[in-house]
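User: I am new to this structure. Please take me through its aromatic rings and what surrounds them.

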Amino acid sequence: MASQSPRDPVTDHLLTPQNAALVVIDYQPSQVQTVTSMDRELLVDNIVSVARLARTFDVPVVQSTINVANGQQPTIPELKAVLTHSVELDRTVINAWEDPAFCRAVEATGSRKLIMTALWTEVCLAFPALDALRDDFEVFPVVAAVGGTSPEAHRSGLERIGQAGAQPISWVSLACELQRDWARVDTVADVVDIVLITRLLASV
């Protein structure tokens, strides 16, 4: 049976490569090392999978770091190896939404749907997510690609932004939402590799 005609990818209420942008905040060694809400190796694997999906579907990426200019280490190498063409916008303010360069970069994507990832959940995800929602963006936190300083902190951060209107997603649901139709053959091999070969089947 032939696939139905796809919906308009710009106005679709679901995420598409044409209506979304990926926001990546503070995946630096000091942040990763202090996450205790989940296994850190799994966290890194998940954010790398999210980044690979963005690259596969040509989703715009806005990447920010905190305080690299003053001695903090930059983005972890596993993630940096995927986001090779993404400029790291360094800042000193804890809330990325208070950094003018960051906000300009988000606006420049032209997307109103933000796939948001950050460390830590309760701070560097929660603060800009709340501000983005206030500014009429839609926010989609990738729940297993973010982490907090404790399970309680992670959970409370997600609950806080959820109550404000954020729509939590998993990295696997993100893959399927962007792919949407297996007749879109250009991205099938990469999606199968990211979701099944590299991750799910490898863990069996």
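Analyst: Start with Phe102, which is buried at 1% relative accessibility. Buried means under 20% relative accessible area, exposed means over 50%, and partly exposed lies in between (1.4 Å probe, protein chains only). The model is predicted: local features need pLDDT of at least 70, side-chain atom pairs count only at pLDDT 80 or more, and totals for chains, interfaces and linings use all residues. Residues are numbered from 1 along each chain as its sequence is written, and side-chain values use heavy atoms, with hydrogens and water left out.

Next comes the second ring of the story. Trp97 and Phe137 form an edge-to-face aromatic pair, 5.5 Å centre to centre with 80° between the planes. Rings of Phe, Tyr and Trp (its six-membered ring) pair if their centres lie within 6.5 Å; planes under 30 degrees apart count as stacked, over 60 as edge-to-face, and the rest as tilted. Trp97 sits in the loop between strand S3 (88–91) and helix H4 (100–108), and Phe137 in the loop between H5 and S5, so this pair ties together parts that are 40 residues apart in sequence. Helices (H or I, at least four residues) and strands (E, at least two) are DSSP runs, numbered from the N terminus. Trp97 and Phe137 are both buried. For Trp97, the relative accessibility is 9%.

How many aromatic pairs does the whole structure hold? The search finds two. Trp97, Phe102 and Phe137 make up one aromatic cluster.

A charge joins the picture. The charged end of Arg112 sits over the ring of Phe137, 3.7 Å from its centre. The test for this asks that NZ of Lys or CZ of Arg be within 6 Å of the ring centre and within 35 degrees of the ring normal.

Now the strands. S4 (residues 113–118) and S5 (residues 138–141) run parallel, joined by four bridges. Two strands pair if DSSP finds at least two bridges between them. Lys113 has Glu138 in S5 as its bridge partner. Together, S4, helix H5 (residues 121–134) and S5 build a right-handed β-α-β unit. Right-handed means that, with the strands pointing away from the viewer, the path from the first strand over the helix to the second runs clockwise.
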